[in-house]
Amino acid sequence: MPKACVLFKPSVAYRRDAFEAGLRRLGYATVERPLPNPERGDVLVLWNRSVVDEGHARRYEASGATVLVSENGYVGKDEQGHKLFALARGHHNGAGEWLVGSETRWSSSLDPWRSQGDFLLVLPQRGIGERGVAMPRDWVGRVTSLLRKLTKRPIRVRPHPGMAKTDPYEALRGAHAAVTWGSGAGIKALLAGVPVFYELSRWIGAPAGTFLGGADLERPFLGDRLPMFRRLAWAQWSLKEIEGGEAFAWLLK
C-alpha cells in the first residue's frame with residue numbers, strides 16, 4: 001500500500017485532517033513523519049516548500065515519489081465563500097506542475113481593466129518558501145529604489161497583512177498599477193482590473209502581467225487575462241474537493 005505524509009501543522013488553518021482524509025480515500029496509508037526510504041508511489045504533501053522541508057522533498061523526488069506543495073488559494077475563496085487551497089506537484093506559485101482541464105472550472109467574473117490611477121502600489125510577500133521562488137529579503141528596498149528611478153509617480157508599500165482579516169482590495173483603490181515579486185495579492189489586483197508588474201519569472205500570474213525588467217511603467221499589459229485565470233483554477237481546490245479525494249486523483253493521474 002502506498003504511503004502519504006501530510007507535513008502540516010495540526011491547526012484549523014491548515015486542515016491537515018482534510019488532506020489526510022482525501023489521500024486515504026484514494027487508498028493511501030497516512031503516516032505522521034516523512035519516510036526515510038520512500039518508494040515510487042508514495043506522496044509527501046508540504047505547506048509551501050521551506051528550507052526546513054527541502055531535504056525531505058529531495059529525498060522523495062530522488063526515489064521517484066511525488067511531492068505536492070500546498071498554500072493558501074490564489075484568490076482566497078470561491079464564489080460560495082469557501083476557502084481555497086493552492087496545490088501543485090513539486091513547487092508553489094507557478095513553479096510547480098499541474099494538469100489543466102476544462103475552461104469551465106473558472107466561472108468568476110473579472111473587473112474591467114482600470115482606465116486611470118495615480119500611484120504604484122508595492123505588494124510585499126512574507127518571503128516564506130524555497131530559494132528562487134520565495135521573495136528575496138531585500139526585495140522591497142531594491143524594487144522601491146528602482147521604481148523611483150523609473151517614474152515620478154508616487155510609490156506606496158502595502159505591508160503584508162499576515163493573518164489579519166483586511167480587505168485585499170482596499171489598498172488598490174486609485175492605483176495606476178501594482179508591483180509584486182509574485183504574490184497572491186498580485187492575482188487579486190489582476191482580478192480587480194489593476195495592471196501588475198512582477199519579477200518572479202515563473203509566477204502563476206505572469207501571462208496576465210508585465211515583467212518588470214526593462215518595462216515601461218506607463219504601458220502595462222492590458223490584454224486578455226482569462227486564459228491565465230482558467231489555468232490557475234486547476235491549481236487551487238476547495239476543502240470539499242481535497243477531503244473527497246478529487247484534488248489528489250486529478251493531480252496524481
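Me: Which strand holds Arg-156?
Reply: This is a predicted model, where local features need pLDDT of at least 70, side-chain atom pairs count only at pLDDT 80 or more, and totals for chains, interfaces and linings use all residues. Residues are numbered from 1 along each chain as its sequence is written, and side-chain values use heavy atoms, leaving out hydrogens and water. Strands (E, at least two residues) and helices (H or I, at least four) are DSSP runs numbered from the N terminus. Arg-156 is found in β7.

Me: Is Arg-156 buried, partly exposed or exposed?
Reply: Buried means under 20% relative accessible area, exposed over 50%, and partly exposed in between (1.4 Å probe, protein chains only). Arg-156 has 46% relative accessibility, so this residue counts as partly exposed.

Me: Which residues does Arg-156 touch, beyond those up to four places away in sequence?
Reply: Contact means heavy atoms within 4.5 Å. Val-179 is 23 residues away from Arg-156 along the chain, and their C-alpha atoms are separated by 9.9 Å. Beyond those up to four places away in sequence, Arg-156 touches Phe-119, Leu-120, Leu-121 and Val-122.

Me: Which strands stand at the edges of the open five-stranded sheet?
Reply: Two strands pair if DSSP finds at least two bridges between them. Here the order is β7-β6-β8-β9-β10, with parallel pairing. Each edge strand has a single partner, so one of its sides is left without a neighbour in the sheet. The edges are β7 (155–157) and β10 (210–211).

Me: What is the bridge partner of Leu-120 in β8?
Reply: Strand β6 covers residues 119–123, and β8 covers 175–180. The two run parallel and share five bridges. In β8, Leu-120 has as its partner Ala-177.

Me: How many bridges join β1 to β3?
Reply: Strand β1 (residues 3–7) also runs parallel to β2 (residues 29–31), joined by three bridges. There, Ala-4 stands opposite Thr-30. With β3 (residues 43–47), Cys-5 is partnered by Leu-44. The bridges from β1 to β3 number four.

Me: How many of the eight residues of helix α4 are buried?
Reply: Helix α4 spans residues 184–191 and is mostly covered. The buried ones are Ala-185, Gly-186, Ile-187, Lys-188, Ala-189, Leu-190 and Leu-191. Their cover includes β4, β6, β8, β9 (196–198) and α5 (226–232).

Me: Which residues touch the most other members of the largest nonpolar core?
Reply: A nonpolar core is a set of buried Ala, Val, Leu, Ile, Met, Phe, Trp, Tyr and Cys residues joined through side-chain atoms within 4.5 Å. The largest core has 66 residues. Those touching the most other members are Phe-19, Ile-187 and Trp-203.

Me: Which residues are included in the second, separate core?
Reply: Trp-203, of the largest core, has contacts beyond four places in sequence that include Asn-93, Thr-180, Ile-187 and Leu-190. The second core is separate and has nine residues. Among them are Cys-5, Leu-46, Tyr-60 and Ala-65.

Me: Is Thr-66 buried or exposed?
Reply: Thr-66 lies in strand β4. Beyond four places in sequence, Thr-66 is in contact with Asp-42, Val-43, Leu-44, Tyr-60, Arg-89 and Leu-252. Its relative accessibility is 14%, so Thr-66 counts as buried.
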